[in-house]
Amino acid sequence: MTRVHKPISLTRYLIEEQREKGVIKPDLRLLIEVVARACKTIATQINKGDLGGVLGNVGSINVQGEVQKKLDVLSNEILLEANEWGGHLAAIASEEMDDPYPIPHRYPKGEYLLVFDPLDGSSNIDVNVSVGTIFSVLKAPEGVTEPKPEDFLQPGTKQVAAGYTVYGPSTVLVLTVGDGTHMFTLDREQGSFVLTEMNVRIPEDTAEFAINMSNMRHWEVPVKRYIDELLAGKTGPRGKDFNMRWVASMVADVHRILTRGGVFMYPVDAKCRDKGGRLRLMYEANPMAFIVEQAGGGATDGHIRILERQPLALHERVPVFLGSKNEVALVTSYHRD
Ligand code: AHG
Ligand code: MN
Ligand code: MN
């Protein structure tokens with residue numbers, strides 16, 4: 001008799017992490033389930049596209065000085081509404097809000113801090129290209145019930161969970177609770193995320209890179225040197241040809257790297273030097289670095305592990321180099337030379 005292996009749902013995966021492995025607590029399981037449910041709602045909205053009237057701008061500017069898209073605002077609201085009442089959170093912070101969002105007094109409070117980029121890759125919404133949601137979970141400092149912005153400023157090594165959902169041809173939730181990186185594909189008929197890739201491993205070597213080449217003239221010397229060597233191909237110092245991809249949704253670019261290797265870079269350049277970089281530490285770089293390291297990859301800011309950086313502000317920006325370990329190590333070493 002052949003035993004039929006039932007698909008493992010996200011719920012079952014989390015219950016086993018909690019009950020059998022003791023890796024997570026019940027409240028963290030609840031938190032991840034709530035975020036996953038919110039992502040399903042966001043996926044539904046994104047899918048409607050123009051029919052749902054969700055494309056285009058709202059006309060406001062966020063704390064980043066960026067024009068907010070309707071879906072930026074909507075996704076933020078969906079995540080807030082889903083998470084505020086469950087009793088698992090002490091506070092929430094988001095790319096789309098200047099300050100942390102306190103849990104309303106009418107609801108119980110929990111021990112976790114949730115930080116998210118509700119919609120990553122906003123420039124791709126109107127052109128029907130993949131976007132995503134990124135989230136990071138920290139613990140509120142002991143005894144703190146009304147967290148202030150500084151209570152969020154913990155290095156990425158303190159994350160207890162991180163994940164992203166990529167809204168592509170299929171909707172995939174990628175998660176780590178510090179016990180490997182796993183992928184769950186949304187089964188729209190069942191309405192649940194199903195485990196489809198367990199213990200993802202990023203190949204240590206690669207022949208593919210992702211960077212916005214239009215910024216080349218603004219790059220610093222180490223990045224220029226590294227990319228020049230990749231572009232030189234077979235007859236250059238690297239002795240092989242490299243291919244390039246750039247979606248301009250970090251979620252989609254990182255998802256490709258988790259799936260088949262590669263190195264993703266958003267270095268600091270002359271255009272963004274005063275801000276420290278392009279991508280945000282707390283809700284882009286840190287969660288992605290955790291996910292990538294748990295899949296055997298590397299993630300640095302060109303000098304140190306992203307996860308070891310002490311955040312100085314909630315919306316702080318950082319240079320990012322992540323993906324296949326040996327390439328991340330090489331480009332990082334060029335910054336030392
Ligand atoms: P967001 O849409 O949340 O502001 O993030 C966009 C980020 C990231 O997803 C992507 O890698 C990068 O911006 C793209 O930047 P360029 O437009 O400079 O390529
Ligand atoms: Mn983003
Ligand atoms: Mn965003």
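Trainee: At what angle do helix H4 and helix H7 pack?
Mentor: Keep in mind that this is a predicted model. Helix H4 (residues 221-231) and helix H7 (residues 325-336) pack at about 135°. Their axes are 8 Å apart.

Trainee: Which residues make the contact?
Mentor: H4 brings Pro222, Val223, Arg225, Tyr226, Glu229 and Leu230. H7 answers with Glu327, Leu330, Val331, Tyr334 and His335. By class, the contact of H4 with H7 has seven nonpolar, one polar and three charged residues.

Trainee: Another pair, then. How do H1 and H2 pack?
Mentor: Helix H1 covers residues 10-19 and helix H2 covers residues 26-48. They pack at an angle of about 165°, and their axes are 10 Å apart.

Trainee: Why are H1 and H2 called roughly antiparallel?
Mentor: The cut-off is over 145 degrees. Their angle is about 165°, so H1 and H2 count as roughly antiparallel. H1 passes H2 in a right-handed crossing.

Trainee: Who touches whom there?
Mentor: From H1, the contact uses Leu10, Thr11, Leu14, Ile15 and Gln18. From H2, it uses Pro26, Arg29, Ile32, Glu33 and Ala36. The contact of H1 with H2 splits into six nonpolar, two polar and two charged residues.

Trainee: Switching to the metals. What coordinates the manganese ion (ligand 3)?
Mentor: Glu95 (OE), Asp117 (OD) and Leu119 (O) do, at 2.1 to 2.2 Å. Along the chain, the donors follow the spacing E-x21-D-x1-L.

Trainee: Where do Glu95 and Leu119 sit?
Mentor: Glu95 is in the loop between strand E3 (89-94) and strand E4 (101-102). Leu119 is in strand E5 (residues 112-120). The pair is 24 residues apart and links distant parts of the chain.

Trainee: Is Glu95 buried or exposed?
Mentor: Buried. Its relative accessibility is 5%, and buried means under 20%. Leu119 also counts as buried, because its value is 1%.

Trainee: What about the manganese ion (ligand 2): which donors does it have?
Mentor: Its protein donors are Asp117 (OD), Asp120 (OD) and Glu284 (OE). They lie 1.8 to 2.1 Å from the ion. The spacing here is D-x2-D-x163-E.

Trainee: How many residues apart are Asp120 and Glu284?
Mentor: They are 164 residues apart in sequence. Asp120 lies in strand E5 and Glu284 in helix H6 (residues 281-294), so the pair ties those parts together. Asp120 is buried, and so is Glu284.

Trainee: And which residue coordinates both manganese ions?
Mentor: Asp117 coordinates both. The manganese ion (ligand 2) and the manganese ion (ligand 3) are 3.7 Å apart.

Trainee: Last one. Where does Ser249 lie?
Mentor: Ser249 is in the loop between strand E12 (243-244) and helix H5 (250-260). Ser249 is buried, because its relative accessible area is 0%.

Trainee: What is Ser249 in contact with?
Mentor: Leave aside its neighbours within four places in sequence, and Ser249 is in contact with Asp120, Gly121, Asn124, Ser130 and Val131.

Key:
Residues are numbered from 1 along each chain as its sequence is written. Chains are lettered from A and ligands numbered from 1 in the order in which they are written. This is a predicted model: local features need pLDDT of at least 70, side-chain atom pairs count only at pLDDT 80 or more; totals for chains, interfaces and linings use all residues. Side-chain values use heavy atoms; hydrogens and water are left out. Donors are N, O and S atoms within 2.8 Å of the metal (3.2 Å for Na, K and Ca); water is not among the atoms, so sites may look incomplete. Helices (H or I, at least four residues) and strands (E, at least two) are DSSP runs, numbered from the N terminus. Buried means under 20% relative accessible area, exposed over 50%, partly exposed in between (1.4 Å probe, protein chains only). Axes are lines fitted to C-alpha atoms, for helices over the stretch in contact, and angles run from 0 to 180 degrees between N-to-C directions. Contact means heavy atoms within 4.5 Å. Ala, Val, Leu, Ile, Met, Phe, Trp, Tyr, Cys and Pro count as nonpolar, Asp, Glu, Lys and Arg as charged, and the others, Gly among them, as polar. Angles under 35 degrees count as roughly parallel, over 145 as roughly antiparallel, 65 to 115 as roughly perpendicular and the rest as oblique. A crossing is left-handed if the near helix is turned anticlockwise from the far one by less than a right angle, and right-handed if clockwise.
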